[in-house]
Amino acid sequence: MKHTSDVIIVGGGVIGASIAYHLAKRGQSVTLLERSRLGTEASAAAAGMLGAQSEMEDTGPLFQWARHSRAMFPELSGELRSLTGIDIGLIREGLLNVALSDAQEQELRAREKLQRAAGEKAEWLSAAAAAELEPALSKATRGALYLPEDGQVEAPQLAAAFAQAARVLGAKLQEFAQVQGLLTERDRVIGVTTSEGPLYSDRVVVAAGTWSGQFLAGSGIDLPVYPVKGECFSVLTEKRELQKTLFTPGCYIVPKAGGRLLVGATVVPHSYDRKVSLAGLAELMARAKQVMPAIGEAEWEKAWSGLRPQTPDGMPYIGEIPMYKGLFAACGHYRNGILLSPITGKVIAQLVSGEDLGALQANLPAFSPNLTGTSQRAEGLQRRGEELQSIEAAH
C-alpha cells in the first residue's frame, strides 16, 4: 500500500483550504479533494463578516475560539498576500448591532456588559451617537452596540488565497474529484476511495461542509450535519453609504468596495434547494429598509443562496473521530466558517501533526466529534438542539 500523501482532505471550501495551507506550512504532504470547484459552495456565498462578538450570546468555547481566530487575520492577510498576491480585503471598521425595539435594546445592553467583562471592546451608543457614526441609519433606531474589533473580509478571495497558498507550499489540490467513501482497516483509516481509484493515507480530514454527515454515514459514522439555506442579495450605490457593517435580528448589511452593499440572510433549515425565492428576498428587503431606509433607492445587482452546514447543538465538529484512528472532522461551522477558518486550519494541522494545542486545548472538548454518551460533547446535546431550533424558527 503506497501512501498518496501524509494527509488527505475531503472538501475544498474555506475550511479545507485553510487546513491544507496550515499543514503545508508544517511540511506535510497534502492531497485535497473537491467534488466541484474549489470554494464555490458556502464559502462563495458568505458575506465575510468577522463577527466574533456580534452573534455570540455567551463567552463560552465558541466565543473564545472566535475572538482568537479574528485576531489571526491581520498577520494571515499579509502571509497570504505575500505567497499568492491575493488581497483578502480585510477591513476593520467595526460593526453596529442595531436595536429597533425595547427588547433588542435590553438584550444588547446586557451583551455589552458581558463582552466588556470578557475583556472585549463594546460600547452602547444612543440613537443620536449611532447616527453620528452612520447617518444612513433609520430614525427608528433605539441605539446600537458598537463593536470596533469586528470586521470583514472578501470571502471568495479568502478561500482562493488559502487554496493558492497551499499549492505554493506544495499541496496537491484536485477539483472534480468524486470521493466515494473511506478506506479502513480494523480500527483505523487508511485512505479514501474515488471514482479514479483508491488513495492511501493514514490521516484523513473530512471538511465537506453540509455533505460531511452524508459522507461519513457511508462508513457507519453518525455525525449529524444539516443544511440551512441562506438567501442574499446585493445592491450598488453611487457613493459609499456605510462604513461599518449593520447587524440586527434577521438581517445584516455589509458595505463592500465600490459602493456595493451585501444584504443577508434568510434562514431555511433542512433545505438543499438552492433557488432564491421572491418571498425570501421580499423579507430581506423589508428588514434592510427598517435598518437603512435609503437602501430602497439603491441599484439592484444580484441575488444568490448558500447552504450553511449546521449541527444539532450549533457547535462545529473539530477533532479526531473516535471510531477510526487517524480520521478527523472539521465541519458544521454554520455562519462562522469564514471567521473560524484560520483557527480551524491551525488546530487540525496541530492535531494531525501531533503538536501541543496550548491554551486552545481547554475548549477542544466542546467541538469534539465524539458523540458517544460518555463524551463531554454529548452532554446537553438534546437541550441545546431544542434551543437552536427555536432560534431558527424565529428567523
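**Domain interface, close-up views**

**View 1. The two domains of the predicted model.** The protein is divided into domain 1 (7–77 + 155–225 + 312–393) and domain 2 (92–149 + 226–307), with bounds that come from an automatic or database domain assignment. Between the C-alpha centres of domain 1 and domain 2 the distance is 27 Å. The model is predicted, and local features need pLDDT of at least 70, side-chain atom pairs count only at pLDDT 80 or more, while totals for chains, interfaces and linings use all residues. Residues are numbered from 1 along each chain as its sequence is written, and side-chain values use heavy atoms, with hydrogens and water left out.

**View 2. Extent of the interface.** In contact (heavy atoms within 4.5 Å) are 26 residues of domain 1 and 30 residues of domain 2. About 2,400 Å² is buried between domain 1 and domain 2, and carbon and sulfur atoms give 54% of this area; buried area is the accessible area (1.4 Å probe) that two parts lose on being put together, summed over both.

**View 3. Salt bridges.** Across the interface of domain 1 and domain 2 the rule, which asks for a side-chain nitrogen of Lys or Arg within 4 Å of a carboxyl oxygen of Asp or Glu, finds 3 salt bridges. Glu120 and Arg67 meet through their side chains in a salt bridge, at 3.0 Å from N to O.

**View 4. Elements on the domain 1 side.** Two or more residues each are given to the side of domain 1 that touches domain 2 by α2 (42–45), α3 (61–84) and α10 (381–394), where helices are DSSP runs (H or I, at least four residues) numbered from the N terminus. The most, 4 residues, comes from α3.
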